[in-house]
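Let's take a walk through this structure together. Have a look at it first, and then we'll go piece by piece.

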Amino acid sequence: MSDNRPSSPRRWLWLLLAAAVAATGGIAYAVLAPGPTALPPLPPEPAEATAEQVNRLCVACHAFPPPGVFPRSEWRRKVGQMYDFFHADPSYRVPEYPPLEAVARFYEGHAPEELPPAPRPAAPHPCPAQFDRGRLRTPDPTRPPGVTFVGLARLSGKDTPDVIVCDALSNLVLAIRPFDASPAWRTLARGLCCAHAEVIDLDGDGTRDVLLAVLGSFYATDDRTGSVVWLRDKPDGTFELVTLLDGIGRVADVRAADFTGDGKTDLVVAEFGWHKTGGILLLENRTTDWAKPVFTPRTLDTRHGATHVPVADLNGDGKPDFLAVVSQEYESVDAFINEGGGRFSKYLVHSAPHPAYGLNGIELVDLDRDGDLDVLLTNGDSLDAPYLLRPDHGITWLENRGAYPYTPHRLADVYGAGSPVAADFDSDGDLDVACVSFLPGEFFPQRGPLRLDSVLLLEQTAPGTFARHALEMETCDHLGCAAGDLNGDGKPDLVVGDYVRAGRPGGGLTLWRNRTEKR
Amino acid sequence: MTRAPTSPTRRRLALWVGGVLALVGLAAVGYFLVWPALELSAAEDALRRHDPAAARARLDHYLARHPGDAHALLLAAQAARRSDQCADAERFLTAFEEAAGASDASKLEWTLLGAQQGDFAGKEDRLRADAGRNSPDAPAVLEALAKGYDASFRWPDATAALDRLLTLEPDHAVALTLRGTIADRLRKPDDAEKDFRRAVELTPDSPATRLALAGLLTRRGHTREALRNFEQVLQARPGDPAALLGLARAHFDASDLDGTQQRLDELLAADPDHADALVDRGRLDLRRERPADAEPFLRKAVAAAPWHRDGHRLLLLTLKEQKRTDDAARCEARLAELTAEDGVGGRLKLRARDNPGDVAVRWELWQWSRRNGQTGDGIAWLTEVLRAEPKHPQAHAALADYFETSGQPRRAAQHRDMAR
């Protein structure tokens, strides 16, 4: 039998050669081809910043936020945001600032795991104010309601006021007389995403016009989508849309008064903007021909985040002044006292305890009936991530004792509080307070299980003492409400708007018809 | 004549020399045949693993030695496209078709290359149908569609395409990175971080994925982790401008001003007109309270990018701090012009939102974006114009210019033809 296999040395030679080919290719591939790059080591962690360092850094732009303002898990992101603002503006003078992570460590080391719950004391007795509740759907049945503003004004010239509504989801400005025999919506303007409407005779022709604060975009942006729009009353009962100013940041409020004393109605504008846009503007009325109205803007305050600019003669000198609520990181209420000729002096009325306070609503009212105007103030802005139930949200009475700043009295802690109003709801001769709550369901799913208050009435039981009554719970979908006698029975009713960001069509307004007997 | 007898030593020596020569020869065969085959196979594997950057690195090596290999050229076109290096993708694809002629695969690649830039060329419906048929090409089509929707600001469409793609292939790192980017843009940073981290886990050497994660980590206050990720990108791609700028900013957060300067100077040495780097360099000197040092950087920045809002704002600050009243007034006037431009932009965006079919306003928005340095946004508006009016000649001409300057002459020529 012959053996055809190569002899042993030959076989080994062939094997060796094959191995050499494979090895050379493989080695070349392994050595010369690009391989994975190693992840460099983590740089050493900086030491925790001292309270003094953190304070020095924070107060360069706003009040020092105490660690208890956010839970531990949120601070790093917040500090990151703060450094973005800090770097954006080198005019904040802090030559030697601590590393971001040193500041984050400071807050993480001192913050609570979770925010504590807000106290919600039970009402000591049943609510003396009694209401019948009714619902009104906004006119577009295909969309959820997006009511950002509810106001009462005598637009149609009748004895009782009309309800004026801004709907920011369908971009409509509407009016309705809910207690007419057949209430019907009247569309005042289309295509405008508004935050506020005020009925006023701007051109002095004896008819009622509407002044609109136009956000342009409900969602936060620095795009210059804001404008001030005048709805000029036409003889046929419709309105002509006249833009008085546009191309500015989102406008949250506009109010009218003759600030310059020249007999013409000027406007003060709260340009909320967002981070890079915003300010408080005076629009001086230079109109000579109302076919071509001319309003010249002048910046009174460069801070972004102004939400409200209600007008009143605060010092009793006969000239209109205004208050400004400035939110975002500033969180203050300032009085702009009219010095004449369009000049203003600014006084601090109230400074919130920290820059995440969320100021969002104001009403000027003589709450203690001592003859001067006090301030009802809410802080409940819930639209900033991380969507926390903040125990410091609520409603505060700033008592005017004739000096600045006003004296704050906390009336109630209310998650998502907004749109404060005052009226004698229980007919006992003093003023009570109501407010609503906005905690969108998609961000606050716990609002149902926790049965959070969504419409709250604070009954004034003794001067400066208030008892809390929840008129409605769970459906915290309200950005606006208004109080007034809608049906002419002498008792203040309440109208509450719905803003349902991600929800079903339907809803719109809830009417709380006051049926409290005189006491 | 008799041959001298060969001594056993000499014979052994000859055998050894012969053996070594044979070994070297065979080793050379291994080097020239086996290694390239392994490279090509690794590239294909990287593409399958959705790591186009790794594939591209392999293919660059391979093509350096086999520049005419049609298969490798097609793979390189895919890798480049999937890494968003569209000019390279077009170059490889053109080389492929020159070498092997147009094929179904190259035609699809050409369509996908356009689609992922928002240039759907009337083929969007067909691509959607292809993606819906669960064909082998469905993942590639969905990836390109998602990128194209993202480029056109059609984020709900992009998210839907990505969700479907990730249902088909849960470990698709490119899709995870893009979904994270969109989530970040829509202010959902938790979702974004989750996607980025998973993508990095799957493709640890992908610079694009790591850059996305590092950028997010910077914004979320995880400076050290961001620094380490940016450094890793720089190891893989030395001199990468995005990594250098990201590192500079992370060093700024870490209060390491020297580190910030070093990285910015590196970047500016390679690209002296990099507007963002110049602005940050000026910002750094302002932070050090050296306004006179900041001024040249900021002047250069606004010369290179006359639309740069931050550049002008910081320049104004330096001029005011140096009490240069007249210069400051001029700068303030320019800022006022830019603010007025922003007003125009705001009005146009509102008009576009309220009038979905209005071609004219979209065309104006393209022009606005172009003169304000927002080319990416502008391209999105151009795609909107062509969606509403596919034969809009000015839009085709504008796209032709854009593709020309971005190194895609063939696509530019196509649009130039359609502009006529």
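**A sheet, a contact and a pair of helices**

Start in chain A with an open sheet of four strands, in the order β19-β20-β21-β22 and with antiparallel pairing. Strands here are DSSP runs of E with at least two residues, helices are runs of H or I with at least four, and both are numbered from the N terminus; two strands pair if DSSP finds at least two bridges between them. This is a predicted model, where local features need pLDDT of at least 70 and side-chain atom pairs count only at pLDDT 80 or more, while totals for chains, interfaces and linings use all residues. Residues are numbered from 1 along each chain as its sequence is written, and chains are lettered from A and ligands numbered from 1 in the order in which they are written.

The edges of the sheet are β19 (359-365) and β22 of chain A, each pairing on one side only. From one strand to the next, the twist averages 20 degrees. Now cross the sheet. Six bridges link β19(A) to β20(A) in the antiparallel sense, and Glu363(A) has Leu376(A) in β20(A) as its bridge partner. Next, β20(A) (residues 374-379) is joined to β21(A) by five bridges, again antiparallel, with Val375(A) opposite Leu398(A). Finally, β21(A) pairs with β22(A) (residues 407-413) over six bridges, where Thr396(A) is partnered by Arg410(A).

Is β21(A) enclosed or open? Five of the six residues of this strand (394-399) are buried, so it is largely enclosed by the rest of the structure. Buried means that 20 or more other C-beta atoms, placed from the backbone, lie within 10 Å of the residue's own.

On to where the chains touch: 42 residues of chain A and 51 residues of chain B take part in the contact, with residues in contact if their C-beta atoms, placed from the backbone, lie within 7 Å. On the chain A side, α1(A) gives the largest share, nine residues. That side divides into 24 nonpolar, eleven polar and seven charged residues. (Ala, Val, Leu, Ile, Met, Phe, Trp, Tyr, Cys and Pro count as nonpolar, Asp, Glu, Lys and Arg as charged, and the others, Gly among them, as polar.)

Last stop, chain B. Helices α16(B) (residues 291-304) and α17(B) (residues 309-321) pack at an angle of about 150 degrees, their axes 9 Å apart. Axes are lines fitted to C-alpha atoms over the stretch in contact, and angles run from 0 to 180 degrees between N-to-C directions. The residues that meet include Leu298(B) in α16(B) and Leu315(B) in α17(B). By class, this contact has seven nonpolar, three polar and three charged residues.

Notes. Two residues are in contact if their C-beta atoms, placed from the backbone, lie within 7 Å. A residue is buried if 20 or more other C-beta atoms lie within 10 Å of its own, exposed if 12 or fewer, and partly exposed in between; C-beta atoms are placed from the backbone.
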